[in-house]
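Q: Can you walk me through this one? I'd like to go helix packing, then sheets, then the ligand.

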Amino acid sequence: MKQNEYDTIFASASQFRSAIKIIRISGRNAKKIPNIFNFKRPRPRIFSLRRLTHKNNIIDVAPVVWLPKSKSFTGEDTYELYIHGSFVIEKLIFKILTSYKNFRLAEPGEFTKRATLNGNIDLIQAESINDIVNSQTEKQLSVAQTQLDGSLSNVVKSWREEIIYISSLIESLIDFSDEDIPEELSNLFLKNLKTIQKKIKDTLKSATLASFIKEGFIVTIIGKPNVGKSSLINALTKLNISIVTDFPGTTRDLIQQKIDVKGLPVILYDTAGIRKTNNIIEKKGIELAINIMKKSNLILNLCEDGNFNYKTLQKEFLDDSKIKIINVKTKVDIKKNSKKNADVEISSKTNFGINILLEKIYSYLSGLEPKESSLLTSERQISHSKKALSALNRINKLSIIKETELIAEELRLASKHISNITSFIDNEDVLDKIFSSFCIGK
Ligand SMILES: Nc1nc2c(ncn2[C@@H]2O[C@H](COP(=O)(O)OP(=O)(O)OP(=O)(O)O)[C@@H](O)[C@H]2O)c(=O)[nH]1
Ligand SMILES: [Mg+2]
């Protein structure tokens, strides 16, 4: 059911047990809050202590803030009540508010949705708010913050301006007859077309890496059975998540755990030991291991005797791709005869070398980080950018002299896709999709 956008909505901005709860109320009737709770209206944007009562019952003594619509996040009249962190007070307030006409509990993300509909923020900024709330590492946070401050929106706007500029060049060509088309004009068009194509292409390239910052870099632990893969994932995560026994072939499923390596999100995988086997379950496990290996950003290749099967690994399993491999010699507490080609030596038993390994993982992955700070992160942003780039690329096959109209049409299409990245005009359905993943009170 579509909720009425004219309702006055309310929600707690703090869902869990906390010392203070912030109740947000936004909408046309928010200005009635002082009447409902019998307190003197404070001056706008001034934190003011008030005694909240209702029908002679004390609700709470709490600071309140009055944010008239010109100065509020949602672009609507808003009250914020900083009540004691009690679920009883919260429930009481909700019960009272619900009893008033046109007041109701907010849907997930509805405050942000209203801020977007009222033009206070664009779609990129709205998405970044959810990313900020959900960020688990400093890097994720900083990427989301550059989206909230409008840097990415500005990049996208500049793409649109450039497309509009080259559209104007093309429009001016339409008036010329075929043989009279001035060469400087068509050269200028082609040069600018190339520039904008490159800009979008580069940003899309960085987006792949940005998605690792959002979702996590994939680091996979591989090696022969019994070399200590499961022991290593347990040591790195400081959790007992993977079964360790001295039977070769213990691990069959992929064991996965997210960790934070100095601010970088990493998804660690423990895998089945790779060997020739007739056991169907183990075979399936090895298949899973090989598949995840191919998708990895980094492979930790474990070996206990120092004979790293580096070349076979590259050729047989990775099709000679350029996935980075760190050779890790394990169990150095008992197997000291080290071979030279290990990148790092560890013992999961004594923790020897574990920090050095983490340092190496960080140093490699941080080098992969995109240099730009304005990154496309959501599927939606990436998909529109790709569609815009496809439209621009199709122009390469068109003749400036004979197919000017078609070129103009592709440019209009590209410009529309770029606009869709920041604006919801023509695609309002997208709003519901974006905000459904938010929490209530945001
Ligand atoms: N002394 C010592 N023993 C270790 C170390 N790491 C692992 N082990 C032992 O080696 C055996 C195998 O360890 P796992 O971690 O299960 O090895 P794995 O590579 O996961 O084995 P599979 O799952 O069978 O492929 C166990 O008995 C561990 O206790 C280490 O650093 N030092
Ligand atoms: Mg194992």
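Q: How close do the axes of H7 and H12 come, and at what angle do they cross?
A: This is a predicted model. In it, the axes of helix H7 (residues 183–215) and H12 come within 10 Å. They cross at roughly 150°.

Q: Roughly parallel or roughly antiparallel, then?
A: Roughly antiparallel. The cut-off for that word is an angle over 145 degrees, so H7 qualifies against H12.

Q: Is the crossing of H7 and H12 left-handed or right-handed?
A: Left-handed.

Q: Which residues meet there?
A: From H7, they are Leu193, Ile196, Gln197, Ile200, Lys201, Thr203, Leu204 and Ala207. H12 brings Ile382, Ser385, Lys386, Ala388, Leu389, Leu392, Asn393 and Ile395.

Q: How does the contact of H7 with H12 divide by class?
A: There are 10 nonpolar residues, 4 polar and 2 charged.

Q: What about H12 and H13? What angle do they pack at?
A: About 165°, with their axes 8 Å apart. H12 covers residues 379–395 and H13 covers residues 404–422. The two are therefore roughly antiparallel. H12 passes H13 in a left-handed crossing.

Q: Which residues make the contact?
A: On H12: Gln381, His384, Ser385, Lys387, Ala388, Ala391, Leu392, Arg394 and Ile395. On H13: Ile407, Glu410, Leu413, Ala414, His417, Ile418, Asn420 and Ile421. The contact of H12 with H13 divides into 9 nonpolar, 5 polar and 3 charged residues.

Q: Sheets now. What's the strand order in the one with E7?
A: E8-E9-E7-E10-E11-E12. That sheet is open, has 6 strands and shows mixed pairing.

Q: Which are the edge strands?
A: Strand E8 (255–261) and strand E12 (344–345). Each pairs on one side only.

Q: How many bridges join E11 to E12?
A: 2 bridges, and the strands run parallel. E11 spans residues 324–329. Val328 has Val344 in E12 as its bridge partner.

Q: Which strands does helix H9 lie across?
A: H9 (residues 280–294) lies across strand E7 (217–223), strand E9 (264–270) and strand E10 (298–303). Its direction is about 140° to E7.

Q: And helix H11? Which strands does that lie across?
A: H11 (residues 354–368) lies across E7, E8, E9, E10, E11 and E12. It runs at about 120° to E9.

Q: Next, the sheet with E1. What's its order?
A: E3-E4-E5-E2-E1-E6. This sheet is open too, with 6 strands and mixed pairing. Its edges are strand E3 (48–54) and strand E6 (103–105), each pairing on one side only. On average, neighbouring strands of this sheet are turned by 30° against each other, direction ignored.

Q: In what sense do E1 and E6 pair?
A: Parallel, over 3 bridges. E1 is residues 8–12. Ile9 stands opposite Arg104 in E6.

Q: What holds paired strands together, in general?
A: Strands of a sheet pair through backbone hydrogen bonds, either parallel or antiparallel.

Q: Last topic, ligand 1. Which residues come nearest?
A: Gly228, Ser230, Ser231, Thr251 and Gly273, out of 23 residues around the ligand.

Q: Which helix gives the most to the shell around ligand 1?
A: Helix H8 (residues 229–237), with 3 residues.

Notes: Residues are numbered from 1 along each chain as its sequence is written. Chains are lettered from A and ligands numbered from 1 in the order in which they are written. This is a predicted model: local features need pLDDT of at least 70, side-chain atom pairs count only at pLDDT 80 or more; totals for chains, interfaces and linings use all residues. A residue is near a molecule or strand if its C-beta atom, placed from the backbone, lies within 6 Å of it. Helices (H or I, at least four residues) and strands (E, at least two) are DSSP runs, numbered from the N terminus. Axes are lines fitted to C-alpha atoms, for helices over the stretch in contact, and angles run from 0 to 180 degrees between N-to-C directions. Angles under 35 degrees count as roughly parallel, over 145 as roughly antiparallel, 65 to 115 as roughly perpendicular and the rest as oblique. A crossing is left-handed if the near helix is turned anticlockwise from the far one by less than a right angle, and right-handed if clockwise. Two residues are in contact if their C-beta atoms, placed from the backbone, lie within 7 Å. Ala, Val, Leu, Ile, Met, Phe, Trp, Tyr, Cys and Pro count as nonpolar, Asp, Glu, Lys and Arg as charged, and the others, Gly among them, as polar. Two strands pair if DSSP finds at least two bridges between them.
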